[in-house]
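I hope they are handy to have beside you as you look through it.

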Amino acid sequence: MKSGSLVRWRNLTVIFILSFALPFILGGEYGYSEQVRGITGDTIKIGAQASITGPAADHFTAWVGAMRNYYRNINDQGGIHGRKIQLIVEDTRYSIPLSSATFKKLLYKDKIFSLFGPEGTGQTMVLKRQIEKLKVPSIGISQAISLVHPTQRYIFIAATPYENQISVMFDYLINVLKLENPRIAVVYLDVEYGNVCLRAAQERARFYGIQLAGVEVISLMNMDSTSQVLNLKKANADYIIIPMSSEFAINVVKTAKKFKLKSIFFGNHYTCEDDILRNLPFSVDNLMGVNSYNSWYDKSPGMNNLKSISYKYQPEIDYRIRTYMQGWISSLVWAEGFKRAGKDLTIEGFVNALESINKLDTNGICGPITLGPDDHVAADYCRIYKADPDKKMLAPITDWMIPAAKK
């Protein structure tokens, strides 16, 4: 063969090979681009940052456990648009330095598409700029309003913001119970979550023209609450707001019983838990709470379905705290985003899909879910709950409510 013909033959061969291979290189029949981080033809990688050990481990293990069960069920049904969910969990021990390190590991080594996390308010504030810069769709366990107001393109939260939960407490006491000048105190955990709730209580008290009867703080490293309870007893508070984890709340209630403190405790998200009543050695009727999620004992269709799936994979566990429901709804919202984004999944397409969710019905697990370009709060609604000492549960005493700040 002449040299000119040989060159033309080689060129035609290269063109033929490229024309055949290019669709597969760019995604071809799978409808995805190799340039999309964390996406292959049959897998979506999601990272999760959680304090599996260390402070608040009870909440985080429940949160991650819900994600595992939810996506195991999805995967057993074939996945979403033919892709299975791969959940990669990193234990942060609720440490900001470890949170930063695991964030980098998940992004640069595991190359996750999106993130369940960071795990706390302080951790999210530290990583907020990186999340936006690296375009990491994230939905963490924190509900601080500062994470989503002003709206961040890639950050979502899964429940009524802490600030709105505190507002609902004051609204209920003053507008529903019609209490005049109630004596309201706060005992909080010395982490950013607790600080956020304290500031919210101070602001809402000013709104109603009242002064907090007392403010006490408990160190994360020292669970003893003797001095705090004695000071609250001197303050003669009618209601004591307790933004902390269940473990610390149990200690405070026990100490209050010891020193015959008669105040009503009012918990928000993590202290509105049936688990507190279940783990106290005595019955109490002086515990109330506000939460975006119904409890494990609820008999709504959505909760019955959640329990059925959970028992299928972990039949030995007969009770879940509300943080499990939060992990479930976070997983449901993410799955809805994947479904709406379609097979040709991209980060921007996923965020756009999330922002198209309107009045998604959870069938009773929480209120309807609506998101939008200017609203990244997945569950705006919450309810007030009150202790039922006989059943050792916090029973709802109101319907789903939109916090005053959202009206």
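1. Axes are lines fitted to C-alpha atoms, for helices over the stretch in contact, and angles run from 0 to 180 degrees between N-to-C directions. Helices (H or I, at least four residues) and strands (E, at least two) are DSSP runs, numbered from the N terminus. With that settled, helix α6 (residues 192-207) lies across β6, β7 and β8 and runs at about 165° to β6.

2. Please keep in mind that this is a predicted model, where local features need pLDDT of at least 70, side-chain atom pairs count only at pLDDT 80 or more, and totals for chains, interfaces and linings use all residues. Residues are numbered from 1 along each chain as its sequence is written, and side-chain values use heavy atoms, with hydrogens and water left out.

3. Now the overall picture. The protein has 12 helices and 12 strands, and its C-alpha trace spans about 105 × 40 × 40 Å along the principal axes. Of the 407 residues, 56% count as buried (under 20% relative accessible area, with exposed over 50% and partly exposed in between; 1.4 Å probe, protein chains only). Among contacts with a separation of 6 or more, 68% come from residues 24 or more positions apart.

4. Seven strands make up an open, mixed sheet in the order β7-β6-β8-β9-β10-β11-β12, where two strands pair if DSSP finds at least two bridges between them. β7 (214-218) and β12 (393-396) are at the edges with a single partner strand each, so one side of each has no neighbour in the sheet. From one strand to the next, the twist averages 25°.

5. β6 (residues 184-189) and β8 (residues 239-241) pair in the parallel sense over three bridges, and V186 stands opposite I241 in β8. β11 and β12, by contrast, run antiparallel and are joined by four bridges, with Y385 opposite P396 in β12. The hairpin of β11 and β12 has four residues between the strands, and there K392 takes a positive phi near 50°.

6. Which residue does the side chain of E355 touch in a polar contact? The partner is the side chain of H376, at 2.8 Å (a polar contact is a pair of N or O atoms within 3.5 Å; within protein, one must be able to donate a hydrogen and the other to accept it, and residues adjacent in sequence count only if both atoms are side-chain atoms). E355 sits in the loop between α12 (347-354) and β11 (383-388), and counts as buried at 13% relative accessibility. Beyond its neighbours within four places in sequence, E355 also contacts residues including R153 and L371.

7. Finally, a helix pair. The axes of α2 (residues 57-76) and α10 (residues 301-313) come within 10 Å and cross at roughly 85°. The two helices are therefore roughly perpendicular (65 to 115 degrees; under 35 is roughly parallel, over 145 roughly antiparallel and the rest oblique). N69, R72, N73 and D76 in α2 meet I309, S310, K312 and Y313 in α10.

8. One more loop residue: I112, between α3 (96-109) and β3 (114-116), is buried with a relative accessible area of 0%. Its C-alpha atom is separated by 26 Å from that of I309, 197 residues apart along the chain.

Definitions and conventions: Contact means heavy atoms within 4.5 Å.
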